[in-house]
Amino acid sequence: MRDLATGFGYLLKGQRWVATHGRWFGFGLLPGLITLVLYVAALYGLSLGADDFAAWATPFADDWSSPWLGLFRGFLVALIFALGLLLAVITFTAVTLLIGQPFYESLSEQVDKSESPDGTAPESGLPLWRELWISGRDSLRILVRALAWAVLLFALGFIPVLGQTVVPAIGFCVTGFFLTQELTSVALQRRRVEVREQLALMRSRRMLIWGFGVPLAVCFLIPFVAVFLMPGAVAGATLMVRDLRGEGQPADGDEDETGPQGQGQGRQGQWPQGQPQGWPNTPPASQYPEGR
């Protein structure tokens with residue numbers, strides 16, 4: 001249970017980081033504002049067309065008497081809009097990160113530099129077009145997984161009692177997990193960690209991930225809140241990646257056990273076997289157990 005509090009703590013630390021670095025906060029708001037406008041337009045269009053879609057999908061109910069026809073189709077309209085809202089919450093981060101890849105890459109890199117003992121940040125060494133391609137490809141893979149969960153939870157929502165209690169709770173956990181994956185991917189991709197390894201790493205610390213992602217998923221239900229929390233969420237996810245990767249957050253002036261920083265194997269914030277930060281290779285996926 002301690003990991004739950006630790007994950008939530010990283011969410012707060014990220015918001016505090018951008019609050020003390022106002023320029024980066026404003027810089028990180030731009031992609032969220034663009035995405036918000038697109039999603040509001042899409043949800044508005046869905047609300048206008050949901051009635052017609054429900055009528056088209058249920059021609060067998062045309063002859064039903066009042067009030068059953070109105071209640072039935074009204075229930076379907078509500079479900080359609082709820083599914084659209086769920087998909088918007090799940091995909092908002094992915095789309096925002098895709099649009100704002102250069103913005104959040106710079107923000108995440110700055111967080112790494114501020115927490116690194118030598119003021120450096122890991123670099124992928126890839127050209128921008130290659131980073132954008134990897135980001136888009138991995139986001140699509142995660143989106144497919146998220147859509148599968150959304151359809152399953154949508155179907156389970158029809159189960160009496162469980163559909164109104166347990167299923168929404170599971171939905172928030174699933175949404176929080178995928179939100180966190182998308183946010184941590186900014187820092188992990190710079191460390192050359194592939195999406196399979198990212199998921200394995202997150203499964204090894206599920207409680208930490210849920211502590212970070214579930215409160216964020218609840219907040220993201222309010223679109224305007226999501227825009228303003230996004231820069232801090234990227235910063236907090238970067239701080240959490242440093243924890244997951246065992247890089248630590250040493251204070252300035254710390255010395256490792258064998259001498260000054262950068263010599264030998266550091267006490268905190270140093271790579272195993274004396275590898276420098278930013279080393280493009282990553283530990284094998286076997287380091288992160290799949291079954292946990």
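Author: Because the model is predicted, local features need pLDDT of at least 70 and side-chain atom pairs count only at pLDDT 80 or more, while totals for chains, interfaces and linings use all residues. Residues are numbered from 1 along each chain as its sequence is written, and side-chain values use heavy atoms, with hydrogens and water left out.

Reader: What makes up the secondary structure of the chain?

Author: The chain comes to nine helices and zero strands, where helices (H or I, at least four residues) and strands (E, at least two) are DSSP runs numbered from the N terminus.

Reader: Why are H2 and H4 called roughly antiparallel?

Author: The axes of helix H2 (residues 22–57) and helix H4 (residues 101–115) come within 9 Å and cross at roughly 150°, the axes being lines fitted to C-alpha atoms over the stretch in contact, with angles from 0 to 180 degrees between N-to-C directions. Angles under 35 degrees count as roughly parallel, over 145 as roughly antiparallel, 65 to 115 as roughly perpendicular and the rest as oblique, and H2 and H4 are therefore roughly antiparallel to each other.

Reader: What makes H4 roughly perpendicular to H6?

Author: The axes of H4 and helix H6 (residues 166–190) come within 10 Å and cross at roughly 70°, which makes H4 roughly perpendicular to H6. The residues of this contact divide into three nonpolar, three polar and four charged; in H4, Gln101, Tyr104, Glu105, Ser108, Glu109 and Asp112 meet Val186, Ala187, Gln189 and Arg190 of H6.

Reader: How do you know that Trp24 and Phe27 form an edge-to-face pair?

Author: A pair of aromatic rings is described by the distance of the centres and the angle of the planes. Rings of Phe, Tyr and Trp (its six-membered ring) pair if their centres lie within 6.5 Å, and planes under 30 degrees apart count as stacked, over 60 as edge-to-face and the rest as tilted. For Trp24 and Phe27 the values are 5.6 Å centre to centre and 85° between the planes, so the pair is edge-to-face. Both residues lie in helix H2, three residues apart, about one turn of the helix, and ring pairs link Trp24, Phe27 and Phe103 into a cluster.

Reader: Why is Gly14 called buried, and which residues is Gly14 in contact with?

Author: Gly14, found in helix H1 (residues 2–19), is buried because its relative accessible area is 0%. Leaving aside neighbours within four places in sequence, Gly14 is in contact with Gly232, Ala235, Gly236 and Leu239.

Technical notes:
Buried means under 20% relative accessible area, exposed over 50%, partly exposed in between (1.4 Å probe, protein chains only). Contact means heavy atoms within 4.5 Å. Ala, Val, Leu, Ile, Met, Phe, Trp, Tyr, Cys and Pro count as nonpolar, Asp, Glu, Lys and Arg as charged, and the others, Gly among them, as polar.
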